[in-house]
Amino acid sequence: MNSINLEGQVAVITGVSKGIGHHLCAQLLDKGAVVYGLGRNAPELNHEKFRFIICDVRDASDVQAAFDQVFQEQNGKVDILVNNAGLGYFGFCETLPLEQWDELFATNVNGVFYCTRAVLPGMKQRQYGQIVNISSIAGLEGYQQVSAYCATKFAVRGFSDALYKEVRDEGIRVTCVYPGSVKTDFFRNSPSIKPHDYMLDPVDVAHAILNFLQMPKNFHTVNLEIRPLQPKGPKAANN
Ligand SMILES: NC(=O)c1ccc[n+]([C@@H]2O[C@H](COP(=O)([O-])OP(=O)(O)OC[C@H]3O[C@@H](n4cnc5c(N)ncnc54)[C@H](OP(=O)(O)O)[C@@H]3O)[C@@H](O)[C@H]2O)c1
């Protein structure tokens with residue numbers, strides 16, 4: 001199999017302080033990639049090939065400044081972009097604060113758009129690139145009291161589906177990932193859901209992404225739906 005060798009590839013990941021983004025940084029570094037983490041808070045990660053750039057993905061000029069720095073340091077080259085930064089707010093539609101609706105769209109949707117726009121010209125020029133957008137199972141189906149978050153993740157799905165058709169002939173793979181519940185800090189704003197051991201492990205979700213990033217050049221994972229097999233635990237434990 002002619003796997004893609006990630007050694008020396010330049011990857012940019014948004015939202016790296018914790019969770020899926022943090023683990024994906026570590027796994028890409030293990031494969032020899034040069035990894036730029038963009039975010040509001042730096043991860044605890046010391047590696048000669050890791051650089052952190054402060055960047056709030058809600059802010060278009062912040063995003064542009066971050067990519068300008070990457071391009072300057074890497075001669076305009078970004079091979080991989082992972083749009084991972086995101087958050088959730090939950091509640092009934094009529095009582096969800098407008099600020100939370102705005103923050104969800106600014107982060108989960110606008111941030112994806114800003115970062116993607118920044119890397120496309122260079123990827124097109126080099127006829128190579130991989131863009132990974134993290135949607136959610138909540139981008140495939142709706143849930144009560146999750147309407148705003150679902151709307152953002154459905155938006156990511158639509159954006160990804162259109163973009164892959166727009167850029168596939170330029171040698172650019174766009175993959176949309178739909179994880180079920182992952183045991184991270186994501187649920188901090190949820191009144192009812194607390195992280196537990198039957199959720200997906202963020203290390204495994206990162207590994208699944210790493211796997212398709214290495215697949216041969218003419219192999220395109222368009223959508224990847226990932227769920228815990230037994231979200232409530234083994235049957236015996238439920239009796
Ligand atoms: N956990 C789940 O069950 C689950 C399921 C499906 C999809 N997802 C998606 O997976 C992605 C990663 O989430 P996670 O589970 O790893 O949650 P997490 O542990 O809360 O990590 C989210 C990351 O996004 C960053 N972030 C948030 N707002 C940002 C902003 N404005 N600018 C830059 N970075 C920002 C956070 O950094 P700071 O807050 O430190 O700045 C953090 O590093 C998100 O898109 C989430 O919607 C999660």
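1. In this predicted model, the buried residues of helix H1 pack against strands S1 (10-14), S2 (34-39), S3 (50-54), S4 (80-83) and S5 (129-134), and also against helix H5 (202-213). The residues of H1 that count as buried are Gly19, Ile20, Gly21, His22, His23, Leu24, Cys25 and Leu28.

2. As for its geometry, H1 is built of 12 residues and reaches 17 Å from its first C-alpha to its last, which is close to the 16 Å expected at 1.5 Å a residue. The helix is followed by Gly32, a residue whose phi is positive and lies near 90 degrees.

3. H1, spanning residues 19-30, also gives the most to the shell around the ligand, to which it brings three residues. Of the 28 residues around the ligand, those that come nearest are Gly15, Gly19, Arg40, Gly86 and Phe186; Gly19, one of these, is also among the buried residues of H1.

4. Sorted by class, the shell around the ligand is made up of 13 polar, 10 nonpolar and five charged residues.

5. A separate point concerns Val222, which is found in the loop between H5 and strand S7 (223-226).

6. Leaving aside residues up to four places away in sequence, Val222 touches Tyr164 and Thr175. The C-alpha atoms of Val222 and Val132 are separated by 9.5 Å, although these two residues stand 90 residues apart along the chain.

Key
Residues are numbered from 1 along each chain as its sequence is written. This is a predicted model: local features need pLDDT of at least 70, side-chain atom pairs count only at pLDDT 80 or more; totals for chains, interfaces and linings use all residues. A residue is near a molecule or strand if its C-beta atom, placed from the backbone, lies within 6 Å of it. Helices (H or I, at least four residues) and strands (E, at least two) are DSSP runs, numbered from the N terminus. Ala, Val, Leu, Ile, Met, Phe, Trp, Tyr, Cys and Pro count as nonpolar, Asp, Glu, Lys and Arg as charged, and the others, Gly among them, as polar. The expected span of a helix is 1.5 Å times one less than its number of residues. A residue is buried if 20 or more other C-beta atoms lie within 10 Å of its own, exposed if 12 or fewer, and partly exposed in between; C-beta atoms are placed from the backbone. Two residues are in contact if their C-beta atoms, placed from the backbone, lie within 7 Å.
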